[in-house]
Amino acid sequence: MADTAKYLMAIYQRLYDAFGPRRWWPAETAFEVMVGAVLTQNVAWRNVERAIASLKGTGLMDPMSLYQADQVHIERLIVPTRYYKTKARKLKALVTLVVERYGGDLNRMFSRPLGELRQELLGVYGIGPETADAILLYAGNLPIFVVDAYTRRIFHRLGVFPPDISYGAMQEYFQVHLPRDVALYNEYHALIDGLGHRLCLATRPRCGECPLVDECRYPGEEAVVNGSG
Ligand code: SF4
């Protein structure tokens with residue numbers, strides 16, 4: 001277990017040295033993080049930024065305003081995030097929890113025991129484990145490790161995970177071996193996403209620029225082809 005902890009911290013350090021602090025989550029308030037976590041599902045962040053600017057520009061970036069807003073109005077504002085009808089419904093469901101259960105008070109919400117709040121979030125329409133955990137970590141500053149498709153791809157290529165590992169098993173791996181440290185969890189997930197987004201692409205990963213290339217077990221030809229290019 002000590003070796004795995006050392007390995008994970010070495011990976012973290014290499015990513016940090018290569019990319020620097022990611023300063024996640026890019027948002028002005030915890031509520032904006034929550035909205036962004038829903039809107040970013042299956043879409044690039046630049047689309048989310050446009051929708052967030054529209055919500056802010058129309059005064060809807062606070063729990064009560066969004067709760068009271070007409071759903072069709074919200075849909076129009078978040079069109080750039082695709083699936084905007086579904087996402088407007090998800091936002092409504094989330095903000096209904098925040099307002100009706102916690103009076104719109106996020107401090108009250110995030111002071112609940114982590115496990116109980118996670119279960120509650122998972123019961124909200126459209127909130128799966130990744131969105132719930134992003135909300136808990138990045139909006140609530142609670143110690144839970146967020147994993148995603150990038151995590152699976154990268155740590156599979158590194159030879160750590162089987163390709164079909166579950167969300168829960170990935171999360172447990174990090175949480176068992178790393179200290180329960182919010183700042184570390186925040187930065188580590190952001191760095192993994194930076195690598196997945198920039199270099200460890202689904203096809204033709206840019207291994208020649210990767211800070212983890214000498215740790216990686218990805219099939220040789222692809223690494224060599226990309227490493228030489
Ligand atoms: S060396 Fe290539 S395949 Fe391996 S983690 Fe880096 S980018 Fe991904």
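The paragraphs below treat the domains, the core, the pocket and the cavity in turn.

This is a predicted model, in which local features need pLDDT of at least 70 and side-chain atom pairs count only at pLDDT 80 or more, while totals for chains, interfaces and linings use all residues. Residues are numbered from 1 along each chain as its sequence is written, and side-chain values use heavy atoms, with hydrogens and water left out.

The domain assignment, automatic or from a database, gives domain 1 (2-22 + 146-228) and domain 2 (30-139). Their C-alpha centres lie 28 Å apart. To the contact between them (heavy atoms within 4.5 Å), domain 1 contributes 11 residues and domain 2 eight residues.

The largest nonpolar core comprises 74 residues, and Met34, Leu121, Phe155, Phe174 and Tyr188 have the most contacts inside it. Such a core is a set of buried Ala, Val, Leu, Ile, Met, Phe, Trp, Tyr and Cys residues joined through side-chain atoms within 4.5 Å, where buried means under 20% relative accessible area with a 1.4 Å probe, protein chains only. Helix H6 (residues 84-102) supplies the largest share of this core, eight residues; helices are DSSP runs of H or I with at least four residues, numbered from the N terminus. Both domain 1 and domain 2 provide at least three residues each to this core. Beyond its neighbours within four places in sequence, Phe174 is in contact with residues including Leu8, Phe145, Phe161 and Ile192.

On a 1 Å grid over the protein atoms alone, a pocket is an open set of points with protein on both sides within 12 Å along at least five of seven lines, a cavity is a set where a 1.4 Å probe fits but cannot get out, and lining residues have an atom within 4 Å of a point. Grid points are joined across faces, edges and corners, and a volume is the space filled by probe spheres set on the points.

The largest pocket has a volume of about 850 Å³. Among its 26 lining residues, Trp24, Thr40, Val43, Tyr150 and Asp193 lie nearest its centre. Helix H12 gives the largest share of this lining, six residues. Because domain 1 and domain 2 both give residues to the lining, the largest pocket lies between them.

One cavity of 30 Å³ or more is present. The largest cavity holds about 120 Å³ of space, and of its 14 lining residues Arg157, Cys200, Cys207, Cys210 and Cys216 are the closest to its centre.

Terms used. Helices (H or I, at least four residues) and strands (E, at least two) are DSSP runs, numbered from the N terminus. Buried means under 20% relative accessible area, exposed over 50%, partly exposed in between (1.4 Å probe, protein chains only).
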